[in-house]
Amino acid sequence: MNTKKCLIAVAAIFITAVMQAQQAPQDLTAEQQLAQRKAELDAREKALDRREKILAQKEKAVADSAPRSRETAKAKVRHEQAKDEGNEEQAKAARAEKKLHEPFFQRLDEAFLEQLGTPAYTPPDPNAPNPRRIPPAPFDSPPFPNGDWQIGGTAGTAIIGDPGELAPYPLMQAIYEGPGGQAWKDSKVQLYGWVNFSGNISTSHPSKTSENGNFPLVYDIRPNRMELNQFVLYLERLPNEAQTDHIDWGFRIAALYGLDYRFTFSRGWFSDQLLKHNSYYGVDTPMVYFDLYIPYIFQGMNITIGRIISEPDIEAQLAPNNLMATHSLLYGFDDYCHEGIFTTTKINAQWTLQLGIDGGTDVAIWQDDPGRQVTGDVMIQWIAPNQMDSIYAGANSFNNGKFGYNNLQQYVGTWTHKFNDKIYTATEAWYMYMNDAIDHPTKEVPFQSGSFPVRNGYAPEWAVLNYTMFRLSGNAFFTVRNEYMNDKVGSRTGFATQYSEHAIGITYWPDKLITIRPELRFDHSYDVPAYNLGTRKNQFAFTTDVIFHF
């Protein structure tokens, strides 16, 4: 029994030892598994950290490369632009070389075709610098005839403070593109002009004794027909008056052929065509002058020597400078041309003074006439600081007033007001006279520029005129004109009567080279019949003129 018990005890101890021996390895394996799992998690976390670092490095690389990509793209665009500009310059050079060897009339034809497709008005770049040392021009020209405030003489084109740059018309473009073109550009001498023709339908008629049924309407005095009004050629150089560091010079020679010579010539200056032969078409040179610009006197001075169109008036003798096809009575019967020395001095931003001395109104300095005498001219221009108003007034001609061919004493003024960029108005008035007038031709005064008065003695007349313009589009505007004139003794029109005239018209530029101006007009004489050769007091006329620039 004891042996059996001992065996049982030994077996139990053995079994327990075996079980403990088996349990110990099992517990060690679980710890190892936990350690392995922890190691795996640590490795996975490190891998994630490495991946995040790699992604961050990639993102940084992408972010760093974006500006470089943009710069690369910009550089590529600049390269393409430079390449295109280079190709364009090469193409221009090739065209210029080709035109250099083309016949002149082929270049002229191509220049006409190019400019006929060019708009008359192009809106200015608001960011472009002002090339003038004075404010920008108050009016757009075209469509309006002039861009600056009214001022006459050569100052109408040579504006103190303006660089005097004129875009070339087809004739000048063809010259520029030919042999010696650069020399022409460097000289600033230009050659250009226009053709102006018109037609009218009137309630008046010609007669067997006179064709001038529309008179006192001017310049189209012959009713119900077409006329070549002006064929004009300019040769000119405009001084640069924006600069203030050196003296500059200019000149103009204007040659005119057509019906309108009848209203531009002076006695003794191509005058036999009308005064002796009554030619309806003739030649004149209404402007022949030299202009010297001196920047050191006040804000600049022009000294002009030669024959100029008289300084006042809203209108002008040359067709492109007018607001309508026909002329007002006020303009048609005042003085036209002066020959002498004239100065225009810009005192400051608001004031400009014009002083002149000449040989008389509408009479050549070599012509024997009572009106050929020393004559003074004084005109003053004022421009409002806000660039919305201008006054231009003075004595256009004054001497002893002795009766002569056209020895008018004229005191005149114009007020111009700009409402906005589309509407402006201009009002002009003058008073004129001659002393000791005679009602018939004499040996001393065989001719009259206007008419011989109906009675002897003091011969006065006065007039007032208003133009109001409404811009319709970039290339068109509408005009209303109203005026009153009192020709007290008939020394202007040959009829001692009061007149009124009312007209409406449109100015339209289909392109840069063509201007079309239809107009409807009504004239009335109050005291005696003056129209239809002195048989009617009323006259209606529809007139259209066309200007073709070259």
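A salt bridge is a side-chain nitrogen of Lys or Arg within 4 Å of a carboxyl oxygen of Asp or Glu. The model is predicted: local features need pLDDT of at least 70, side-chain atom pairs count only at pLDDT 80 or more, and totals for chains, interfaces and linings use all residues. Residues are numbered from 1 along each chain as its sequence is written, and side-chain values use heavy atoms, with hydrogens and water left out.

**View 1. R252 and E236 form a salt bridge.** Side chains of opposite charge can pair when their charged atoms come close. Here the closest N and O atoms are 2.7 Å apart. R252 sits in strand β3 (residues 248-258) and E236 in strand β2 (residues 225-237), so the pair ties together parts 16 residues apart in sequence. Strands (E, at least two residues) are DSSP runs, numbered from the N terminus. Both R252 and E236 are buried. Buried means under 20% relative accessible area, exposed means over 50%, and partly exposed lies in between (1.4 Å probe, protein chains only).

**View 2. R237 and D248 meet in a salt bridge.** The N to O distance is 3.0 Å. R237 belongs to strand β2 and D248 to strand β3, so this pair ties together parts that are 11 residues apart in sequence. R237 counts as buried because its relative accessibility is 11%. D248 is buried too, with a relative accessible area of 8%.

**View 3. K276 and D272 form a salt bridge.** Their side chains meet at 3.9 Å, N to O. K276 has 58% relative accessibility, so it counts as exposed. D272 is partly exposed, at 38% relative accessible area. Elsewhere, salt bridges that share partners join R481, E501, E519, R521 and D523 into one network. The structure holds 23 salt bridges.

**View 4. The largest cavity holds about 240 Å³ of space.** Rolling a probe the size of a water molecule over the atoms shows where empty space is left. On a 1 Å grid over the protein atoms alone, a cavity is a set of points where a 1.4 Å probe fits but cannot get out; lining residues have an atom within 4 Å of a point. A volume is the space filled by probe spheres set on the points, which are joined across faces, edges and corners. The search finds 5 cavities of 30 Å³ or more. In the largest cavity, 20 residues form the lining, and I134, I159, K346, Q381 and I383 are the closest to its centre. Strands β6 (337-346) and β8 (375-383) each give two or more residues to this lining.

**View 5. The second largest cavity holds about 120 Å³ of space.** It is lined by 17 residues, with N196, N229, D260, A325 and D545 the closest to its centre. β1, β2 and β16 (538-549) each supply at least two residues of the lining.

**View 6. The second largest pocket holds about 710 Å³ of space.** A pocket is an open set of grid points with protein on both sides within 12 Å along at least five of seven lines. Of its 29 lining residues, F215, L274, Q448, S449 and G450 are the closest to the centre.

Notes:
Helix = DSSP H or I, 4+ residues; strand = E, 2+ residues; numbered from the N terminus.
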